Every structure is written in C-alpha cells, then in structure tokens.
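Hello,

My notes on it follow.

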Amino acid sequence: MKAAVVFEKESIPQYADFPDPEITEKGIPVMVKAAPIKNLDRAIAGGNHYSVSSEAHQPRIIGTDGAGYLENGQKVYFFSKKGTVAEKAMADRNLIVQIPERLDFVTASALPNAVMGSAMGLKFKAGMKPGDTVLINGATGVTGKIALQIAKLYGAGKIIVTGRNQESLQSLLSLGADETVSLKIQDEDFKKRIQEIHSETPVDIVLDYIWGHSVEMILAAMKGNGTFSHTTKLVSVGGMSGDTLQLSSQILRGTDIQISGSGLGSWTPEESKLLFSEIIPEMFQAAADGKIKIDTETAEIKDIETVWNKEIPGGKRLVIII
C-alpha cells in the first residue's frame with residue numbers, strides 16, 4: 001500500500017510503498033480517507049515525543065488518528081498507534097467513533113484532537129458549569145478556537161480570549177468570545193486588564209495553551225490580598241511559548257487557584273472512555289449541525305514531502321487526503 005513513512009529519525013516523511021497493516025485481535029481494518037497532521041504527529045515522527053523517545057527508531061507511518069470506511073461501509077473516526085497517513089490502517093476497535101452521514105471526512109478527522117485538548121480540560125479538569133466565566137489563553141490556534149466554541153456549547157456565561165495576532169483575535173468575537181485581550185500590549189497593561197476583568201466577573205476557569213510568561217502574568221493579576229478569594233481553576237493544555245514558568249509561592253498561599261494539566265496520561269480510564277463514547281460523538285453532531293467549525297488546509301498524500309514543513313496559516317489544521 002502507499003503511505004507517508006519516516007525512514008530515518010527526524011527526516012521528512014516520504015510517499016512510499018509500505019506493508020499492509022497486520023491483522024490483530026484488537027484491531028479493525030479501515031480504508032483511510034483523511035488524516036490530520038498535528039504537533040503530536042510531528043513530535044512522534046521525529047522521535048521526540050515522550051511516548052516514543054526511549055524507543056529505537058524504526059521506519060514508521062506517520063499519524064495517530066484519521067477518518068475512513070470500515071469494511072461494511074460505515075464512516076468512522078479512529079485512533080491507531082501504527083500510523084494513519086496511509087491507504088489502510090489497523091484501528092483500535094475500542095477507539096472508533098461513527099461519523100454522522102452529513103459530516104465530511106476532512107472535518108471529522110481534524111476535529112477530535114482539538115476536542116481532546118479542550119473538552120477534556122473543561123469538563124473533567126475544570127469541572128465547568130453553565131454560567132462559568134472562562135478565560136482561554138492562546139485562543140487563536142486550532143484548539144483554542146474549538147475550546148471557545150465548546151465553552152459556548154457548555155453554557156459559559158462569559159468568555160475572555162487572549163492571543164498575539166490582532167486580526168485573528170478579533171475574529172473570535174464572531175465565534176462567541178465576549179472580550180479580547182492582546183498578548184502584545186505591555187505587561188503591566190495586560191495584568192491590569194486581567195485584574196479588571198477578574199474584579200468585574202471573577203474568572204472560574206483559565207484554559208491555557210501557551211504557558212510561559214503569559215501565565216505568569218495571569219497568575220500575578222489574580223494574586224489574592226490576604227482576604228477570601230474566588231476559586232479559579234487553571235488547566236494547562238499546551239506550552240507553545242515555553243515549558244516552564246516562575247511561580248511565586250505567595251500566589252498559591254494567598255489565592256484559591258488550582259493548577260492541573262489536561263493531556264495524554266492525565267485522564268482516567270473512565271474519562272478516556274467517555275471521550276470516545278460521548279464527547280466526540282456529541283461534537284461530531286454539533287459540527288454536522290453547524291454549531292462548531294474548524295478551519296482546515298488539505299493536501300494529497302503524494303505531496304507529503306512538500307507540505308510537511310509548510311507553514312500552515314494560524315488557526316488551521318493540515319489534513320492529508322488519501
């Protein structure tokens with residue numbers, strides 16, 4: 001079969017012949033029609049992700065999820081550890097979701113990863129309730145834009161978004177954001193605006209995609225003064241601006257701030273099951289009904305070498321069509 005294969009560690013995937021996936025007891029064959037390329041896939045392909053960094057490199061098909069047909073003609077989204085950017089894949093039969101007939105393969109393949117990075121954090125780590133005030137830090141990316149729409153679906157009372165690209169940031173108002181705060185303004189101005197917002201409508205949840213200095217400023221802006229403070233749950237989903245930050249212990253002692261992370265390894269088995277049995281199906285239906293939109297850029301599998309290092313416009317997901 002034809003597939004996008006990384007033959008050498010950290011090399012560009014090549015469009016090449018590769019053996020068909022082996023039949024396994026826990027697997028189910030899928031004829032793949034579309035597969036997204038995410039930061040996770042790039043890290044795994046380069047051997048840099050924590051899930052594969054200790055393994056000796058072997059030629060591997062890139063991709064971790066996709067959309068296609070089962071042998072009975074059913075449309076499904078699926079997950080596979082054996083690669084998905086190929087004509088055929090062996091899906092884990094426990095990690096398959098039926099796709100509504102009205103939903104196209106490109107959208108169905110692109111949406112779940114963004115849902116994982118937003119719905120899981122909002123629902124399970126932050127325990128979001130209708131009426132909550134949500135601040136999405138770094139909302140102009142693919143996952144941040146989906147988080148905004150999901151927070152709206154979950155009944156957020158107010159949604160504040162931050163980002164560096166002013167045009168992209170303003171466009172989020174049409175998706176349901178109530179207020180924007182630019183990350184390009186001076187630090188003191190940024191902290192002052194967050195303080196004002198937190199004073200007017202206390203922030204219940206901070207869903208963060210960039211970490212680093214911006215989170216330091218948000219935490220400093222929410223620092224308590226020794227009296228009772230509002231409970232705020234900060235959930236880290238990404239680290240686009242750095243993997244570390246400086247955190248004053250006084251903030252933790254003087255503020256009711258609860259910090260956690262949402263990602264592979266942080267969810268319970270029960271939560272992971274709900275992702276596939278309830279959350280993704282719910283979001284697929286919302287997308288089919290036009291309530292959630294994800295921007296994509298597509299390329300054919302034969303062009304994988306050309307598009308692998310191509311700069312994709314902010315807020316869009318690259319999807320490979322097979």
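**Helix α6 and its surroundings**

In helix α6, the buried residues are Phe 190, Ile 194, Ile 197 and His 198. Viewed down the axis of α6, the buried residues fall within an arc of 100 degrees, so they line one face of the helix. An α-helix has 3.6 residues a turn, so residues three or four places apart point the same way. On the other side of α6, the exposed residues are Glu 188, Ser 199 and Glu 200.

Please keep in mind that this is a predicted model.

What covers the buried residues of α6? The cover includes the strands β9 (133–137), β10 (158–163), β11 (179–182) and β13 (232–236), together with helix α7 (212–221).

**Cavity**

The structure holds 1 cavity of 30 Å³ or more. The volume of the largest cavity is about 30 Å³. His 198, which is one of the buried residues of α6, is also among the residues that line this cavity.

**A sheet of 3 strands**

There is an open sheet of 3 strands in the order β2-β1-β4, and the pairing is antiparallel. Its edge strands are β2 (14–17) and β4 (60–61), each of which pairs on one side only. Strands of a sheet pair through backbone hydrogen bonds, either parallel or antiparallel. Between β1 (residues 2–6) and β2, the antiparallel pairing extends over 4 bridges. Ala 4 stands opposite Tyr 15 in β2.

**Two residues with positive phi**

Glu 10 is not a glycine, yet has a positive phi of about 65 degrees. Glu 10 sits in the loop between β1 and β2. Is Glu 10 buried or exposed? Its relative accessibility is 57%, and over 50% counts as exposed, so Glu 10 is exposed.

Trp 211 is not a glycine either, and has a positive phi of about 60 degrees. The place of Trp 211 is the loop between β12 (205–208) and α7. At 15% relative accessibility Trp 211 counts as buried, because the cut-off for buried is under 20%.

Regards

Technical notes
Residues are numbered from 1 along each chain as its sequence is written. This is a predicted model: local features need pLDDT of at least 70, side-chain atom pairs count only at pLDDT 80 or more; totals for chains, interfaces and linings use all residues. Side-chain values use heavy atoms; hydrogens and water are left out. Two strands pair if DSSP finds at least two bridges between them. Buried means under 20% relative accessible area, exposed over 50%, partly exposed in between (1.4 Å probe, protein chains only). The arc is that of the directions from the helix axis to the C-beta atoms. Contact means heavy atoms within 4.5 Å. On a 1 Å grid over the protein atoms alone, a cavity is a set of points where a 1.4 Å probe fits but cannot get out, and a pocket is an open set with protein on both sides within 12 Å along at least five of seven lines; lining residues have an atom within 4 Å of a point. Grid points are joined across faces, edges and corners, and a volume is the space filled by probe spheres set on the points.
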